Amino acid sequence: MYSGICIRCNALWTGSKNKKYCTYECYRRAWHELFKIENTESYDTGFRNKRKMDGLCTQCGVVSVVDTRMCRTCRDKVNRDRNARNKKLRLDTINSYGGKCFCCSESRYEFLAIDHINGKGNEHRRQIGASSGYDFYAWLKRNKYPDGYRVLCHNCNISFGFYGYCPHE
């Protein structure tokens, strides 16, 4: 554990070796001071919380539906962006492992999945903390698509999982 003095407010901090500020708030304020940003409203989490408390959308400030933090328009945009990002990550992962089923050569991405060649996929996903397919695909990408995985269509994947073989073989 390292300790030091914040370069903005001279407060004591403990943490990583390369840390220069005592808190994220201090870092953010220093950044705003450095670039002479007048309006810090959009970066301020306190401002977003105030909007939420006032029943406004945290993104655009429009009156939002009760018990939600975003209006329907902003929520739909966030969902569209997330879905597009997830789809691209899935396609990139499938393409990096060959882009078609290892067993039957099915190539429509809607039918394809990543398979652990040696089995124990559920146990492995628990170890890495992947609670969804997106988490698993992101882990594969971060680890530069390691060996030990292949693309299978869902039919072949289920057959290998239940019976240990695929009828296509």
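Mentor: Buried means under 20% relative accessible area, exposed means over 50%, and partly exposed lies in between. The model here is predicted. We can start with charged pairs.

Trainee: Where do K88 and D92 lie?

Mentor: Both are in helix α3, 4 residues apart, which is about one turn of the helix.

Trainee: Is D92 buried or partly exposed?

Mentor: D92 has a relative accessible area of 27%, so it is partly exposed. K88 counts as exposed because its relative accessibility is 51%.

Trainee: Which residue does K77 meet in a salt bridge?

Mentor: The side chain of K77 meets that of D81, at 2.9 Å from N to O. These two are 4 residues apart in helix α3 (residues 72–96), so about one helical turn separates them. K77 is partly exposed at 45%, and D81 is also partly exposed, at 39%.

Trainee: What about E106 and R108?

Mentor: Their side chains meet in a salt bridge, again with 2.9 Å from N to O. E106 has a relative accessible area of 19%, so it is buried. R108, at 48%, is partly exposed.

Trainee: Now the empty space. How is it found?

Mentor: A probe the size of a water molecule is rolled over the atoms, and this shows where empty space is left. In this model the largest pocket holds about 250 Å³ of space.

Trainee: Which elements give two or more residues to the lining of the largest pocket?

Mentor: They are β3 (112–116), α4 (121–128) and α6 (154–163). The most comes from α6, with 4 residues.

Trainee: How many residues line the largest pocket, and which lie nearest its centre?

Mentor: There are 14 lining residues, and D115, H116, G119, N157 and G161 are nearest the centre. By class, the lining has 4 nonpolar, 6 polar and 4 charged residues.

Trainee: Which residues make the nonpolar surface patch?

Mentor: I158, F162, Y163 and Y165 make a patch of about 520 Å². Of these, Y163 is found in helix α6, the helix that gives the most to the lining of the largest pocket.

Trainee: Why does Y163 count as exposed?

Mentor: Because its relative accessibility is 58%, and the cut-off for exposed is over 50%.

Methods
Residues are numbered from 1 along each chain as its sequence is written. This is a predicted model: local features need pLDDT of at least 70, side-chain atom pairs count only at pLDDT 80 or more; totals for chains, interfaces and linings use all residues. Side-chain values use heavy atoms; hydrogens and water are left out. On a 1 Å grid over the protein atoms alone, a cavity is a set of points where a 1.4 Å probe fits but cannot get out, and a pocket is an open set with protein on both sides within 12 Å along at least five of seven lines; lining residues have an atom within 4 Å of a point. Grid points are joined across faces, edges and corners, and a volume is the space filled by probe spheres set on the points. Ala, Val, Leu, Ile, Met, Phe, Trp, Tyr, Cys and Pro count as nonpolar, Asp, Glu, Lys and Arg as charged, and the others, Gly among them, as polar. Patches are made of residues with over 30% relative accessible area and no salt bridge: like charges are joined within 9 Å, nonpolar side chains (Val, Leu, Ile, Met, Phe, Trp, Tyr) within 5 Å. Accessible areas come from the Shrake-Rupley method with a 1.4 Å probe; for residues, only the protein chains shown count as cover. A salt bridge is a side-chain nitrogen of Lys or Arg within 4 Å of a carboxyl oxygen of Asp or Glu. Buried means under 20% relative accessible area, exposed over 50%, partly exposed in between (1.4 Å probe, protein chains only).
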